Amino acid sequence: MPLYTLHPACRVRKEAFGLLFYDLRGPRLLFAETGDLLEPSDLQAGVTAEGGRGPVAGRGVPPGAARLARLLATLAEKGFLREQPVR
């Protein structure tokens, strides 16, 4: 189960539709319709696909976990997030 964090060259902010990602290396923008799945602070501390924040909170698998897992994997693939193993 990987932990996802915001790439150091990227910024994120909350918008009405979800999150707006900005890549300083590009510059590139990505609009993600995240609803209430993620907050910018989650990505600073790190989040798992199961919704655990920081060093995995162990709250069980929340509703929307599959959608969150796909979203995090896509953001990592596009270079906005870093994926690392949870220790």
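View 1. Strand β3 (residues 18-23) pairs with strand β4 (residues 28-32) in the antiparallel sense, over five bridges. Strands here are DSSP runs of E with at least two residues, helices are runs of H or I with at least four, and both are numbered from the N terminus; two strands count as paired if DSSP finds at least two bridges between them. You are looking at a predicted model, in which local features need pLDDT of at least 70, side-chain atom pairs count only at pLDDT 80 or more, and totals for chains, interfaces and linings use all residues. Residues are numbered from 1 along each chain as its sequence is written, and side-chain values use heavy atoms, with hydrogens and water left out. Look for L19, whose bridge partner in β4 is A32.

View 2. Between β3 and β4, the loop holds P27. The peptide bond from G26 to P27 is cis, with omega near -10 degrees.

View 3. Strand β1 (residues 2-6) joins β5 in antiparallel fashion over two bridges, and Y4 has V47 as its bridge partner in β5.

**View 4. The largest nonpolar core.** This core has 20 residues, and L6, F21, L38, L43, L72, L75 and L81 have the most contacts inside it. The elements giving two or more residues to it are β1, β2 (10-15), β3, β4 and α2, with α2 giving the most, five residues. A nonpolar core means a set of buried Ala, Val, Leu, Ile, Met, Phe, Trp, Tyr and Cys residues joined through side-chain atoms within 4.5 Å; buried means under 20% relative accessible area, with a 1.4 Å probe and protein chains only.

**View 5. The surroundings of L72.** Leaving aside residues up to four places away in sequence, L72 touches Y4, L38, L43, V47, T48, A49 and L81. A contact here means heavy atoms within 4.5 Å.

How values were computed. Buried < 20%, exposed > 50% of the residue type's maximum accessible area, 1.4 Å probe, protein only.
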